[in-house]
Amino acid sequence: METLSENACFGGVQGVYRHASAATGTDMTFGLFLPAEALEGPVPVLWYLSGLTCTHENAMVKAGAQMWAAEHGIALVFPDTSPRGPGVADDEAYDLGQGAGFYVNASEDPWQPHFRMWDYITEDLPALLFETFPLDPERQAITGHSMGGHGALTIGMTFPERFCSISAFSPICNPTASDWGQKQFTAYLGDDQDAWEAHDATLLMRERGFDGPMLIDVGTKDQFIDLLMPESLMQAMGQRRQQGMMRLQPGYDHSYFFVSTFMEDHIAFHAEALYA
């Protein structure tokens, strides 16, 4: 692992690191904020999965998360959204290819060799983090924005024994029924829609839900709200009587101005679960 930068930040350290990933077969870059408490021993960790076109840097710089994480003594992990490099398949569209991994393991060419973001987030990067840094694997939570909110919801519900809590900002809630999902799942996973279902938060909510608290925020002025389909997930949460809240925030859009406004709420929400 290579250290690209480390900066003092709210009493802790915001680092950026690069490592060779067995999952993607490429070098991957991630950000990690460690609060001051990490000097004394393992700290709880909150995963933040970013959205379309983002790298590790977007949320690290724009979300305003470090101040609130430092207040609660929580580490933050900011992974990249896809493999990258000259040998990695790409597409001219912003919502497919590099920057648009959708947190799945691709089974179709030309994506299959490198686009294995599910394994990267659930196996490869955790193994490196918990071996290298003072993080507590028994106290993990997960959040994300847009495509990353989709990833947070699907990964969190698939690994309920791993995560104490799940939250999301403007998540893609029902990708098997949305143009943000059908296009990418067809490209990455092929035409077998049974393979798609494991990556749809609404279907997972109907099937299994989550044994813990959930918090989801969506802006009423989100320019992509018809693609996000929050009403589908809201209905599924109601039918399952899922412990959690979906809040429609009046006047807010899809931007990091929205994310940063409610970041304090989300980190406090996760802190309550992580320290329970």
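**Core, sheet and cysteines of a predicted model**

In this predicted model, the largest nonpolar core has 63 residues, of which Phe30, Leu32, Leu129, Leu135, Leu153 and Tyr188 touch the most other members; such a core is a set of buried Ala, Val, Leu, Ile, Met, Phe, Trp, Tyr and Cys residues joined through side-chain atoms within 4.5 Å. The largest contribution to this core, seven residues, comes from helix α3 (residues 117-132), where helices (H or I, at least four residues) and strands (E, at least two) are DSSP runs numbered from the N terminus. Apart from this core lies another, of 26 residues, including Ile74, Phe78, Phe169 and Leu274.

Residues are numbered from 1 along each chain as its sequence is written. Local features need pLDDT of at least 70 and side-chain atom pairs count only at pLDDT 80 or more, while totals for chains, interfaces and linings use all residues, and side-chain values use heavy atoms, with hydrogens and water left out.

Leu129 sits in helix α3 and, with 0% relative accessibility, counts as buried (under 20% relative accessible area, with exposed over 50% and partly exposed in between, for a 1.4 Å probe and protein chains only). Beyond its neighbours within four places in sequence, Leu129 is in contact (heavy atoms within 4.5 Å) with Phe30, Leu32, Trp47, Val77 and Leu135. Leu135, with residues up to four places away in sequence not counted, touches Leu32, Leu34, Pro42, Val43, Val45, Ala75, Leu129 and Phe130.

The sheet is open and has nine strands, in the order β1-β2-β3-β5-β4-β6-β7-β8-β9, with mixed pairing; two strands pair if DSSP finds at least two bridges between them. Because β1 (2-9) and β9 (244-249) stand at the edges with a single partner strand each, one side of each is left without a neighbour in the sheet. Strands β4 (residues 43-49) and β6 (residues 135-144) run parallel and are joined by six bridges, and Leu49 stands opposite Gly144 in β6. Helix α10 (residues 256-274) packs on the sheet, touching β4, β6, β7 (163-169), β8 and β9, and its direction makes about 165° with that of β7; axes are lines fitted to C-alpha atoms, for helices over the stretch in contact, and angles run from 0 to 180 degrees between N-to-C directions.

The structure holds zero disulfides, a disulfide being a pair of cysteine sulfur atoms within 2.5 Å. For Cys9, the nearest cysteine sulfur, that of Cys54, is 19 Å away, and Cys9 is buried at 15% relative accessible area. The sulfur of Cys173 is 17 Å from the closest cysteine sulfur, in Cys54, which is too far for a bond, and Cys173 is buried at 0%.
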